[in-house]
Amino acid sequence: MGSASGSRARTFGGVVAFRVTILGTGLHFEAVPGETLLAAARRQGVLMPSACRNGTCRECRCRVGQGQVRHTIAWPGLSADEKREGWVLPCVAEAESDVELDAPRAKAAP
């Protein structure tokens, strides 16, 4: 796994995709444009905690180490300070580059 910053072109199923690496776990997955980080992770066997999947419960909250993400809703369930500190809600966030996430509760599907 190299650095997850930048937006190196790669494809996943014929579509340009970004690599998402879960720091400290050895887990990674590819996220395509228009797909939330949570959905991409689950599709590829990486389980991240979640409950509501609409940005309000904060169960999936984790921090971006490197890279860029975009929330798909105007104001997800994060404070302005949390957003400035790099917190993200994967259930309503999409990768805009390769991303490193600090998500210690993520794990491989059994």
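Strands β6 and β8 pair in the antiparallel sense, over two bridges. Strands here, like helices, are DSSP runs numbered from the N terminus, with at least two residues of type E for a strand and at least four of type H or I for a helix. Two strands count as paired if DSSP finds at least two bridges between them. In this pair, C62 stands opposite V88 in β8.

Before going on, the source of all this. The model is a predicted one, so local features need a pLDDT of at least 70 and side-chain atom pairs count only at pLDDT 80 or more, while totals for chains, interfaces and linings use all residues. Residues are numbered from 1 along each chain as its sequence is written, and side-chain values use heavy atoms, with hydrogens and water left out.

The pLDDT is the predictor's confidence in each residue, from 0 to 100. The protein averages 89, and 91% of the residues score at least 70. Over residues 1–6 the value is below 50, and this stretch has 17 contacts in the model beyond near neighbours in sequence. A contact means heavy atoms within 4.5 Å.

Back to the sheet. Which strands make it up, and in what order? The open sheet has five strands in the order β4-β3-β10-β6-β8, with mixed pairing. At its edges stand β4, residues 27–31, and β8, residues 87–88; each has a single partner strand, so one side of each is left without a neighbour in the sheet. Further in, β6 pairs with β10 in the antiparallel sense over three bridges, and Q66 has E100 in β10 as its bridge partner. Strand β3, residues 18–22, also pairs with β10, in the parallel sense and over three bridges. There, V20 stands opposite V99 in β10.

Now the loop between β9, residues 93–95, and β10, where S97 is found. Is S97 buried or exposed? S97 is buried, at 7% relative accessibility. For these labels, buried means under 20% relative accessible area, exposed means over 50%, and partly exposed is in between, using a 1.4 Å probe and protein chains only. A polar atom of the S97 side chain lies 2.8 Å from the backbone nitrogen of Q68. S97 and A31 are 66 residues apart in sequence, and their C-alpha atoms are 9.4 Å apart in space.

Next, A108, which is found in strand β11. At 46% relative accessibility, A108 counts as partly exposed. Leaving aside neighbours within four places in sequence, A108 is in contact with L27 and G45. Its C-alpha atom is separated by 9.3 Å from that of T25, 83 residues away along the chain.

On to charges. The structure holds eight salt bridges, a salt bridge being a side-chain nitrogen of Lys or Arg within 4 Å of a carboxyl oxygen of Asp or Glu. One joins the side chains of R43 and E35, at 2.8 Å from N to O. Of these two residues, R43 is partly exposed at 41% relative accessibility, and E35 is buried at 13%.

Another salt bridge is formed by E82 and R58, whose closest N and O atoms are 2.7 Å apart. This pair links distant parts of the chain, 24 residues apart: E82 is in helix α2, residues 80–84, and R58 is in the loop between β5, residues 46–47, and β6, residues 62–66. E82 is buried, with a relative accessible area of 12%, while R58 is partly exposed at 32%. R58, R61 and E82 are linked in a network of salt bridges.

R105 and E59 form a further salt bridge, with the closest N and O atoms 3.2 Å apart. This pair also links distant parts of the chain, 46 residues apart: R105 is in the loop between β10, residues 99–102, and β11, residues 107–108, and E59 is in the loop between β5 and β6. E59 is partly exposed, with a relative accessible area of 33%.

Last, the cysteines. How many disulfides does the structure hold? It holds zero, where a disulfide is a pair of cysteine sulfur atoms within 2.5 Å. C52 is in no disulfide, and the nearest cysteine sulfur, that of C57, is 3.5 Å away. C52 is partly exposed at 27% relative accessibility. For C91, the closest cysteine sulfur is in C60, 3.7 Å away, which is too far for a bond. C91 is buried, with a relative accessible area of 9%.

Terms used:
A polar contact is a pair of N or O atoms within 3.5 Å; within protein, one must be able to donate a hydrogen and the other to accept it, and residues adjacent in sequence count only if both atoms are side-chain atoms.
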